Amino acid sequence: MIRKFWDELIRYFSDIEDPEEPVYDPAHLAAMIVIVIFSMGVLFWLLWTLLVFEGGLFKKILPAIQVLFTGKTLQDFGWVGYPYEMGVFEGFVANGVALLLTIALFVGVWWVFKDLPQTVFDSEEKKEE
């Protein structure tokens, strides 16, 4: 028993590398941390621009529908001209770009994960049978 413990302790501190052990590379860890922080920043920018910047996109949807389908005009909502005074539509370009990028992100994530095997669900179905 003591011999087995001693051999395991010696093997743990030995310089002989186990070919089954995964290789640890600090550069991989650093790259992962940088990528995660960058991804969180991009996601924050997308959501903030989509939902908060200049009132967010949802504040502009109802006035846009009223302009398109009723007799209201852009001037009724404070529009004077594009780069100057846009009233309720202030920041619609950034909101629209954020909406397009968010849709592209969702489509990209769906495209990446659509062909993954559903092993979790398959194993649950086999248990039920």
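Glu54 sits in the loop between α2 and α3, the latter covering residues 58–69, and its phi is near 50°, a positive value in a residue other than glycine.

Before I go on, please keep in mind that this is a predicted model, in which local features need pLDDT of at least 70 and side-chain atom pairs count only at pLDDT 80 or more, while totals for chains, interfaces and linings use all residues. Residues are numbered from 1 along each chain as its sequence is written, and side-chain values use heavy atoms, with hydrogens and water left out.

How confident is the predictor, then? The chain averages a pLDDT of 85, and 91% of the residues score at least 70, pLDDT being the predictor's confidence in each residue on a scale from 0 to 100. Confidence is highest in helix α2, residues 26–51, at a mean of 94, and lowest in helix α5, residues 119–128, at 60.

Turning to the overall architecture, the chain has five helices and zero strands, so that its pattern along the sequence reads α-α-α-α-α; helices here are DSSP runs of H or I with at least four residues, strands are runs of E with at least two, and both are numbered from the N terminus. The radius of gyration of the chain is 28 Å, whereas a compact globule of 129 residues would have one near 14 Å, with the radius taken over C-alpha atoms and the globule rule being 2.2 Å times the number of residues to the power 0.38. Along the principal axes, the C-alpha atoms fill a box of roughly 90 × 45 × 20 Å. Buried residues make up 12% of the 129 residues.

Let me now move to helix α4, residues 92–113, where we find Leu101. Is Leu101 buried, partly exposed or exposed? Leu101 is partly exposed, because its relative accessible area is 42%, and, leaving aside residues up to four places away in sequence, Leu101 touches Trp45 and Leu46, where contact means heavy atoms within 4.5 Å. The C-alpha atoms of Leu101 and Gly87, which are 14 residues apart along the chain, are separated by 24 Å.

Thr102 is found in helix α4 as well, and this residue is buried, with a relative accessible area of 10%. With residues up to four places away in sequence again not counted, Thr102 touches Leu46 and Leu50.

For the chain as a whole, if we take contacts between residues at least 6 apart in sequence, 52% of them join residues at least 24 apart.

Finally, a word on charge: the chain has 9 positive and 18 negative side chains, and the centres of the two sets lie 5 Å apart, with Lys and Arg counted as positive, Asp and Glu as negative, and His and the chain ends not counted.

Conventions. Buried < 20%, exposed > 50% of the residue type's maximum accessible area, 1.4 Å probe, protein only. Charge placed at Lys NZ, Arg CZ, Asp CG, Glu CD.
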